[in-house]
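Me: Hey, I'm new to this one and could use a quick tour. Can we go through it together?
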Amino acid sequence: PTVVFDVEPDESGCIMLQAADVWRFELRESFLVQLPGVNNDFAAHSHRTLVLHAGAVRTPDGRLILLPGAADAGKSTLTGAMIQAGCHYLGDELVGVRVDTLAVSGFPRALVLDASSRRALGLHGTDLSSPHVRASELRPAVESIEGGVGAVSEIIMPTFDPVVPAIAAESLGPLESLRALLPAVINLARSVDDGWRTLCQLAEPVPVTTITHPSSQDLAEQLVTDGAPNEN
């Protein structure tokens, strides 16, 4: 379906955006940073694409990795670390997966990183007045990939825990994978049969690994260089 946004300046010079909600931006830059996120909210209404709350990157050797996780699991920080490690960027919030082909649809936007995430990524001295960090601030040569690309290669479900002594990984079977992925799905009620089929297709042939780790940068380097760590 087509969605129309109204954008116009108000009398004070601020920019008003009318979509599902009404947004008011003091600065043009703030509006441009937020606009992809508004678009993504409507993309999640898709009936034909399974939409996951996840980060997504393409590694230098062409693997497409999904990084689903809860808001406090550290997925955006790990996504940023993987960009720094040489990956290209598909998104840190919403990612689409097509039924049958499992092709990934990227919805890239500025990453949302708090002060602790920025410290973990070595972004010292960045502007903390906005939570948004452009992918190019993490690595100037990064490519932001929009639209459909290849099929999902693997799924990593990260949990950051600074007190664990080392990276701990667990490979999930199909039923465990289905249960773990289900809370990350945004639009299952809308996509119905296609959504369930896509979810089951992801859980069956695609490797799904849960990883608890004390360092996003160390884990990113390992994922890019050697793939998912062995179970321990």
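Predicted model: local features only at pLDDT ≥ 70, side-chain atom pairs only at ≥ 80, totals over all residues.

Me: How far is the C-alpha atom of Glu143 from that of Gly55?
Reply: They are separated by 15 Å, and the two residues are 88 apart along the chain.

Me: Switching to helices. How do the axes of α5 and α6 cross?
Reply: Helix α5 covers residues 174-181 and helix α6 covers 188-203; their axes come within 8 Å and cross at roughly 130°. The two helices are therefore oblique to each other. The crossing of α5 past α6 is right-handed.

Me: Which residues make that contact?
Reply: From α5 you have Pro174, Ser177, Leu178 and Leu181, and from α6 there are Leu199, Cys200, Leu202 and Ala203. Sorted by class, that gives seven nonpolar residues, one polar and no charged ones.

Me: Staying with α5, which of its residues are buried?
Reply: Ser177, Leu178 and Leu181 are buried in α5. Looking down the axis of α5, the buried residues fall within an arc of 100°, so they line one face of the helix.

Me: Why would residues three or four places apart point the same way?
Reply: An α-helix has 3.6 residues a turn, so residues with that spacing point the same way.

Me: What's on the other side of α5?
Reply: Leu175 and Arg179 are there, and they are exposed.

Me: And what do the buried residues of α5 pack against?
Reply: They pack against α6 and against the strands β5 (64-68), β12 (154-160), β13 (168-172) and β14 (208-213).

Me: New topic: phi angles. What is the phi of Leu102?
Reply: Near 55°, which is a positive value in a residue other than glycine. Leu102 sits in the loop between β7 (94-98) and β8 (103-106).

Me: Is Leu102 buried or exposed?
Reply: Leu102 counts as buried, at 8% relative accessibility.

Me: What about the phi of Val192?
Reply: Val192 is not a glycine, yet its phi is positive, at about 50°. Val192 is in helix α6, and at 40% relative accessibility Val192 counts as partly exposed.

Notes:
Residues numbered from 1 in each chain as written. Heavy atoms only, no water. Axes fitted to C-alpha atoms, helices over the stretch in contact; angles between N-to-C directions. Helix = DSSP H or I, 4+ residues; strand = E, 2+ residues; numbered from the N terminus. Parallel < 35°, antiparallel > 145°, perpendicular 65-115°, else oblique. Left-handed = near helix turned anticlockwise from the far one by under 90°. Contact = heavy atoms within 4.5 Å. Nonpolar A, V, L, I, M, F, W, Y, C, P; charged D, E, K, R; others polar. Buried < 20%, exposed > 50% of the residue type's maximum accessible area, 1.4 Å probe, protein only. Arc of directions from axis to C-beta.
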